[in-house]
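Please keep the structure open while reading.

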Amino acid sequence: MKILVCIKQVPDMESRFKPAADGLWFNEADLAWRINEYDEYAVEQAVKLKEQLGNEPEITVLSIGPDRVVEVLKKALAMGADRAVHVQDSAPQQKGPWQIASIIANYARDKGFDLILTGMQSQDRGSAQVGVLVAEFLGFACATTLVGFSYVDGVIHAKRELEGGLKGLVDLRLPALVTCQLGLNIPRYPTLPNIMRAKKKEIETLSVTSLLTEEPLAITTQFYAPARKEGGLVLEGDLNEMAQQLVDILQEKTSVVR
Amino acid sequence: MEATREIYWNIGHGTVLSMYLLAAAAIVLLARGIWMRVAHWRQGKPLNRFDRYPERTRRMIAEVLGQKKVARVRAGGVFHALFFWSFLILFAGTLLVMLQADFMTPVLQINLLQGHFYRGFSLVLDVAGAGAILMLAGLAVRRFLLKPVGLETVNDDYRIHALLFAILITGFLVEGARMAATELEQNPELALFSPVGLGVAKLMAGASLEKLSLLHRTFWWLHFALVLGFISILSRTKLKHIFFTSANAFFAPLEPKGALATINLEDETIEQFGAATVADLSWKDIFDADACTSCKRCQDRCPAHVTAKPLSPMKLIQQIGEAAESGSNTGLIETIGAEAIWSCTTCRACEDICPANNEHVNKVIELRRNLTLMEGTFPGDEVRTAATNLEVNGNPFGMAFAARGDWAEGLEVVRVGEGEPADILYFAGCYASFDKRNREVARNFVKICNAAGVKVGILGKDEKCCGEPARKLGNEYLYQMLAQEDIETIKATGIRKIVTTCPHCFNTLSRDYQDLGLAIETEHYSTWINQLLEDGRLKLKQGELQDCTYHDSCYLGRYKDILSEPRALLNAAGWQIKEMDQSGYASFCCGAGGGRILAEENLGSRINVARIEQAAATGAGILVSNCPFCLTMFEDGIKTSDCEETLKVRDLTEIIIERIGG
């Protein structure tokens, strides 16, 4: 079995974000980078499946970006992936999900992957589209926001997280792509022997230009911090009048009261 | 009448040969018993504790003869010291008699045991014998009647006490019988020099010479047999501590306190990190179990044990010994228990008080290294999160690394990363950089330095956690990763002196980092500011006399022996210290060491609250500490105890800053 896991390197959410000079994305100075949280669940699930199947499957982990993304590839290798693909791209943030998905699909098309796992969404852009688009490009069965995964006799039994605490059960046949949600599993902390073994695993570097065949479908025109909110409004005076004032405000300014 | 005695009187020189043969046999049994333990210890890895042997030997002789560590705890300790010296004197006396009879008389033809020397000799030995019996009785009362909590008494203890009593008493019976027959009437003034023997002789006075002869010979052979018995079973009873505990004074580490083995992460042949089985430990770790005398002093002082966590340092040592009995492949984690292993705060109270020189703390860390590096487990999810935060942002809080230098806003500091020169590099550490309460300490420190005309440099956002909590939790990889980056950053500044406000950073930068290539002089602020005071660069005014109690942090006190400088500063600032019972080397941990500052305390009662209550009991009203972990734990402890009205905690810098001037 051949498994592909797509991972993204994102800035740590505690970092201070400022718009970049071009005003189209955030400035990368003074950012701490880490593997996208949802992609960690994807890597963990792939490794779990590999262990379940007696270590026969081969897991390839892929990431798009400049040299710094090698760090997250190494982390995935230390968690148990077998080989890594680094799609060298100096400006991945300029590409929307359509282009990113097409790059991945172009890479994966002729490799014979049985299963692809991605995170449900990225913590910085949050489009939640790349996984689904890749599945469409490749004609794979697809299920998203997985919080449960089991594989029996060639069939994936997926549990999806829906609104209101509901879960949806979906069965998929291979080849398939699933996107992973919080609660699917607890990613393992790499052991030191695995970290050391990871240093010897192959990291193949490809140039993004060889894989990029699509024009962007949506373009970012502006990136800015939200305007500072005005101060709050203090109501004073007669209790009944204040209550009426409050109801008026809620009706006019919000959709809380109809 | 001359002051001497006929050695072997009534026993006869003919028996000397059989006596020596039997004694030799007993000694062979003893040697064999010890030799058989060697294979047992060798199940552990090699470790060189034979280097610098003159130094080691001197230390061993001083400790064994001086009994200082043993007597440090009065209960039992003083009795043991006196008992030991008495027994040693008796042993030396017996050897001297043997030397006299079988060498000095026949070969050299001189008699030492005569005249004044013999009188003194007799008196000393009698007093020693009486002293030994009295002290042994005292020890027996403590163990069998008073039964201190936690002191385990086993069958072996009954046997040993009985055997020792029997040896001592038969000794006096032999002497009494001899004196009754040869001195009581014949040399009464000599008899006065053996007062106890005289008393025993008087009890036998009425008997005939024949009877006395028989009694004497019987007691003599009985005494001899008991002593041989003592020698031959020594290695199989608690008495083995005579050899093994003494030897541990030789094998004790010469490295600075708290030194840990730095794993060579470049070595690709290493398959096992940390200790999972007996074979992963060193021979010394297994030997420690033989040196342990179950005195339970470590357990009594362990903050984890005292607050009902499953850890006992004494049991840890013994469990390793027991596991080694089952073979080198015996697993350790299940025997000892992960919860016990994670409970240790590395405060070193156990090692500090151990009279047997056992090394408890490093065993815990080796076990943790296995848990973390080989199994990827943590004491809790919150610790795992902290470890990830350290990887991503260089601090356990997960706060943006770019904000690390923000505490210094508005202060006169130099960003040494940009090549600007400074007098010292202030390594702030994670808590001083990010924790609201501890930022005050950082700011105070800079202001104090500025008042003394010292130019302070900081690394700001280039500084990362020194890695100490990760290291103490067993994560040697994460520690070395952080350390290498810090060392590179620090070296690039060209600074020649580092000062910290955190004893953990202080220990790590001054000692641990040396293994990784940093050799820059590092101090804790207490000694640094004290030096500024002594040099006259800083002046303090006394002001109104204030009461406080002072907490010696583990990593400043027990690890680095820094006890007097902080007190000198407090006094110079006009503060009066009402010491807690457990102060100085006996200080009680705040609970945050050993990486536990990152963990939640879910077992037993709270260590920090226990210490807060001790501080409140002094009535001083203000508790002064010198460590960011202690400060955090005590602020927390005050809020969660009944002491909110009666106790406040301040860092030493907060005391000093108020008294600058004069």
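On the surface, a nonpolar patch is formed by I61(B), L65(B), V78(B), F79(B), L82(B), W85(B), L88(B), F91(B) and L95(B), with about 730 Å² of accessible area together. Two or more residues each come from α2 (53-66) and α4 (74-108) of chain B, and α4(B) gives the most, 7 residues. Patches take residues with over 30% relative accessible area and no salt bridge, joining nonpolar side chains (Val, Leu, Ile, Met, Phe, Trp, Tyr) within 5 Å and like charges within 9 Å. Accessible areas come from the Shrake-Rupley method with a 1.4 Å probe, and for residues only the protein chains shown count as cover. Helices (H or I, at least four residues) and strands (E, at least two) are DSSP runs numbered from the N terminus.

This is a predicted model, in which local features need pLDDT of at least 70 and side-chain atom pairs pLDDT 80 or more, while totals for chains, interfaces and linings use all residues. Residues are numbered from 1 along each chain as its sequence is written, chains are lettered from A and ligands numbered from 1 in the order written, and side-chain values use heavy atoms, without hydrogens and water.

F79(B) counts as partly exposed because its relative accessibility is 33%, between the limits for buried (under 20%) and exposed (over 50%).

The contact (heavy atoms within 4.5 Å) takes 20 residues from chain A and 26 residues from chain B. Between chain A and chain B there are 4 salt bridges, each a side-chain nitrogen of Lys or Arg within 4 Å of a carboxyl oxygen of Asp or Glu. E391(B) forms a salt bridge with K75(A), the closest N and O atoms being 3.9 Å apart.

How values were computed: Buried < 20%, exposed > 50% of the residue type's maximum accessible area, 1.4 Å probe, protein only.
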